[in-house]
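Biologist: Please show me the model. I would like to go through some of the labels attached to it.

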Amino acid sequence: MKKGMMIGGLLLLACCGCSPQKQEEKLSDLPFHVVEQKAIPDELMEIIDEKKEGAFNLAYEDGDTLYIAVGYGKMQTGGYSIEVPRFYLTENSIVIDTNLIGPRTEAVRQASYPYIVISTEWREEPVMYQ
């Protein structure tokens with residue numbers, strides 16, 4: 001499923017890989033960078049803040065950069081991290097796979113909203129989340 005929404009002249013795409021589909025063959029890994037919170041575009045950060053209570057997947061285009069955000073919703077404690085073991089291109093899509101890693105030590109007893117934002121070069125293929 002792919003949804004598009006224009007926000008301030010920027011295209012926001014929300015795609016999901018929820019429906020059962022045949023796994024497409026990986027063509028190549030894609031380079032990406034984890035985006036620090038202070039470098040996340042303001043409009044994308046506003047959307048993340050609105051959606052952070054629940055799990056979310058977002059793709060956000062800003063010029064020649066594609067930002068992909070994955071959030072896991074509200075957690076009762078802090079100390080979580082997120083890894084991206086696979087980020088690659090298939091014939092018809094960009095595939096991102098993320099894993100939530102729980103706290104390893106005594107966690108901060110304050111609610112947290114773990115999410116990750118990565119950036120890569122803009123591509124027109126839809127993003128599939130795993």
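Predicted model: local features only at pLDDT ≥ 70, side-chain atom pairs only at ≥ 80, totals over all residues.

Modeller: Residues are numbered from 1 along each chain as its sequence is written, and side-chain values use heavy atoms, with hydrogens and water left out.

Biologist: Why does S112 count as buried?

Modeller: Buried means under 20% relative accessible area, exposed over 50%, partly exposed in between (1.4 Å probe, protein chains only). S112 has 17% relative accessibility, so it counts as buried.

Biologist: What makes F32 and F87 an aromatic pair that is edge-to-face?

Modeller: Rings of Phe, Tyr and Trp (its six-membered ring) pair if their centres lie within 6.5 Å; planes under 30 degrees apart count as stacked, over 60 as edge-to-face and the rest as tilted. F32 and F87 are 5.5 Å apart centre to centre, with 80° between the planes, hence edge-to-face.

Biologist: Why is the pair of Y60 and Y67 called tilted?

Modeller: The centres of Y60 and Y67 are 6.4 Å apart and the planes make 55°, which gives a tilted pair.

Biologist: How do you know that the charged end of K52 sits over the ring of Y113?

Modeller: The rule asks for NZ of Lys or CZ of Arg within 6 Å of the ring centre and within 35 degrees of the ring normal. The charged end of K52 is 4.7 Å from the centre of the Y113 ring and sits over it.
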